[in-house]
Amino acid sequence: LQRVCFIDPRFAAAHRMLGLILQEQGEDQRALGQYAHALDLWPDSFAALWGQAQLYHKAGARARAQEATERALRQRAYDIPARLLLGELLLAGGKPAAAQAELLQVLAVRPEQVAARRALAQCYAAQGQIAEMADFEG
């Protein structure tokens, strides 16, 4: 893929795939660079946005992870892992009501999603919604 990116630097999918491979190999900074290059060529690439979001989240860059996740969800609103991450990021950013809305969407589709249930319980606790927390089957 590196050769393809060199031969045709405007081939967005090759940069996106190279970013994914680098991400899987733990070369996060290089992966971010490839995702950024792919997004310069194809700004609405869900896969590149989602890759960026995951790497920013891993690095602790919550605001950048949230921005990339929100952009990714504009491309694929039904993506459950991205919606779950957004809920977790909103909760970590002190926005439990907004996080709750995202997490409820996740649980409407995947009621068995343990991470979403745990985060939703934290949302209820952060908002002092003790009755909801007591009724919650998480």
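Val 109 is placed in helix α7, which covers residues 96–109, where helices (H or I, at least four residues) and strands (E, at least two) are DSSP runs numbered from the N terminus. With a relative accessible area of 55%, Val 109 is exposed; here buried means under 20% relative accessible area, exposed over 50%, and partly exposed in between, for a 1.4 Å probe and protein chains only. Val 109 and Ile 80 are separated by 29 residues in sequence, while their C-alpha atoms lie 8.1 Å apart in space.

The structure is a predicted model, in which local features need pLDDT of at least 70 and side-chain atom pairs count only at pLDDT 80 or more, whereas totals for chains, interfaces and linings use all residues. Residues are numbered from 1 along each chain as its sequence is written, and side-chain values use heavy atoms, with hydrogens and water left out.

The secondary structure of the chain consists of nine helices and zero strands, so that the pattern read along the sequence is α-α-α-α-α-α-α-α-α. Of the 138 residues in the chain, 41% are buried. Among the contacts (heavy atoms within 4.5 Å) with a separation of 6 or more, 36% are made by residues 24 or more positions apart.

Helix α2 comprises residues 12–24, and at 1.5 Å a residue its 13 residues should span 18 Å, which agrees with the 19 Å between its end C-alpha atoms; the expected span is 1.5 Å times one less than the number of residues. The buried residues of α2 are Ala 12, Ala 14, His 15, Arg 16, Leu 18, Gly 19, Leu 22 and Gln 23. Ile 21, which also lies in α2, is partly exposed, with a relative accessible area of 33%. After α2 comes Gly 26, which has a positive phi near 85°.

Helix α4 was examined in the same way. Its 14 residues should span 20 Å at 1.5 Å a residue, and its end C-alpha atoms are 20 Å apart, in agreement. Within α4, the residues Phe 46, Ala 48, Leu 49, Trp 50, Gly 51, Gln 52, Ala 53, Leu 55 and Tyr 56 are buried, and the buried residues of this helix pack against α2, α3 (28–41), α5 and α6.

Two packed helices are described by the angle between their axes and the distance between the axes. The axes are lines fitted to C-alpha atoms, for helices over the stretch in contact, and the angles run from 0 to 180 degrees between N-to-C directions. For α4 (residues 46–59) and α5 (residues 62–75), the axes come within 8 Å and cross at roughly 155°. This makes α4 roughly antiparallel to α5, given that angles under 35 degrees count as roughly parallel, over 145 as roughly antiparallel, 65 to 115 as roughly perpendicular and the rest as oblique. The crossing of these two helices, α4 and α5, is left-handed, a term used if the near helix is turned anticlockwise from the far one by less than a right angle, with right-handed used if clockwise. In this contact, Phe 46, Leu 49, Trp 50, Gln 52, Ala 53, Tyr 56 and His 57 of α4 meet Arg 64, Ala 65, Ala 68, Thr 69, Arg 71, Ala 72 and Gln 75 of α5. By class, the contact has eight nonpolar, four polar and two charged residues, where Ala, Val, Leu, Ile, Met, Phe, Trp, Tyr, Cys and Pro count as nonpolar, Asp, Glu, Lys and Arg as charged, and the others, Gly among them, as polar.

The axes of α4 and α6 (residues 80–92) come within 11 Å and cross at roughly 35°, and this crossing is also left-handed. Trp 50, Ala 53 and His 57 of α4 make the contact with Pro 81, Ala 82, Leu 85 and Leu 89 of α6. Six nonpolar, one polar and no charged residues take part.

Helix α6 in turn packs with α8 (residues 114–126) at an angle of about 25°, with the axes 10 Å apart, which makes α6 roughly parallel to α8.
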